[in-house]
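I opened this notebook to record what I looked up about the sheet, the helices and the ligand surroundings. The entries follow the order in which I consulted the structure.

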Amino acid sequence: MSEPDSKNAFYRGRTWSQWYAESGPLWGNEPSIVADLFLNRVSAPCRGIDVGCGYARDSLACAKRGHQFVAMDPAYDGLLKGKKAYEQLRRKRPIGGTVDFVQGTIHAFRTDAAAPKFDAILSNRTLHMMSDPQLKGFVCAAADLLKTGGYLILSAASPSDFSPDKESWQPGKEGRMAQRKDGSPPPVYFLSQAFLTSLFAPYFKIHDLFEGTDPVDAPKGAMRLNIMCATRNATP
Ligand SMILES: C[S@@+](CC[C@H](N)C(=O)[O-])C[C@H]1O[C@@H](n2cnc3c(N)ncnc32)[C@H](O)[C@@H]1O
């Protein structure tokens with residue numbers, strides 16, 4: 001798979017923050033397939049959250065198109081790079097939208113009780129880093145933060161991306177977890193389409209669910225992703 005390769009000495013033992021600090025843009029600066037899906041569907045300026053934004057390439061692409069985004073990630077150095085790129089962009093020319101950078105995860109994200117709910121939540125290639133309890137927290141937080149009809153567009157590693165050369169299944173560990181064979185973190189919690197459906201269908205109408213790739217990976221051998229586009233159901 002084409003996440004930072006655990007057999008490559010550069011990546012071994014490093015945290016996401018270190019990877020961002022020590023490398024250039026790992027997936028280039030173009031928007032991901034998730035941001036593309038969003039931008040093709042929504043043109044009126046709206047408010048969104050980019051969960052696991054990395055160095056915020058998707059939030060920046062959305063801000064360039066007039067949207068207001070919260071770029072959220074636990075990795076400090078990713079946010080720092082994103083913020084520098086955002087400031088450079090704004091020095092060059094006015095852009096219609098904005099990006100606010102928040103260090104952390106959606107589970108702990110709180111807004112003012114009077115603040116309006118969000119129109120969209122995007123998350124590219126991040127959900128397969130969440131264990132079952134974290135994933136359930138993500139579903140509840142996304143359902144809570146989105147307005148009725150708001151978009152949830154995400155991608156996560158498909159079980160068909162499992163590579164027996166690099167990973168081994170961990171039986172009994174939630175049935176979807178693979179550990180890198182060299183023991184280095186992070187583990188990968190693959191998400192099948194059936195599993196995504198069971199998680200999200202109680203709160204969301206799923207419009208599209210398909211296997212695809214992030215075009216930016218293609219030269220290295222693309223990671224196979226399950227990609228979902230859904231909207232928040234009305235609450236009874
Ligand atoms: C593969 S990168 C994707 C970055 C970005 N979405 C992109 O496509 O350019 C995954 C990101 O998820 C972040 N991450 C890991 N666990 C997370 C969690 N529980 N909640 C939010 N983000 C997380 C990592 O710090 C990393 O920046």
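I note that the model is a predicted one.

Entry: the helix pair. I recalled that two packed helices are described by the angle between their axes and the distance between the axes. I then looked up helix 2 (residues 33–41) and helix 3 (residues 57–64), whose axes come within 9 Å and cross at roughly 20 degrees. Angles under 35 degrees count as roughly parallel, and helix 2 and helix 3 are therefore roughly parallel to each other. By the convention above, the crossing of helix 2 and helix 3 is right-handed.

Entry: the contact between them. Which residues of helix 2 meet helix 3? I found Val34, Ala35, Phe38 and Leu39 on the side of helix 2, and Asp58, Ala61 and Cys62 on the side of helix 3. I recorded the residues of this contact as 6 nonpolar, no polar and 1 charged.

Entry: I traced an open sheet of 7 strands, in the order 3-2-1-4-5-10-9, with mixed pairing. Its edge strands are strand 3 (98–103) and strand 9 (204–212), each of which pairs on one side only. From one strand to the next, the twist averages 15 degrees.

Entry: I examined strand 5 (residues 146–157) and strand 10 (residues 225–232), which pair in the antiparallel sense over 7 bridges. Within strand 10, Ile227 is the residue that Ser155 stands opposite.

Entry: helices on the sheet. I saw that helix 2 lies across strand 4 (118–124), strand 5, strand 9 and strand 10, and that helix 2 runs at about 150 degrees to strand 5. Helix 4 (residues 76–92) lies across strand 2 (68–73) and strand 3, and runs at about 165 degrees to strand 3.

Entry: the ligand. Which of the 20 residues around the ligand come nearest? I listed Trp16, Gly52, Gly54, Thr105 and Asn124. The shell residues around the ligand divide into 8 nonpolar, 8 polar and 4 charged.

Definitions and conventions: Residues numbered from 1 in each chain as written. Predicted model: local features only at pLDDT ≥ 70, side-chain atom pairs only at ≥ 80, totals over all residues. Near = placed C-beta within 6 Å. Nonpolar A, V, L, I, M, F, W, Y, C, P; charged D, E, K, R; others polar. Axes fitted to C-alpha atoms, helices over the stretch in contact; angles between N-to-C directions. Helix = DSSP H or I, 4+ residues; strand = E, 2+ residues; numbered from the N terminus. Parallel < 35°, antiparallel > 145°, perpendicular 65-115°, else oblique. Left-handed = near helix turned anticlockwise from the far one by under 90°. Contact = placed C-beta atoms within 7 Å. Pairing = 2+ DSSP bridges.
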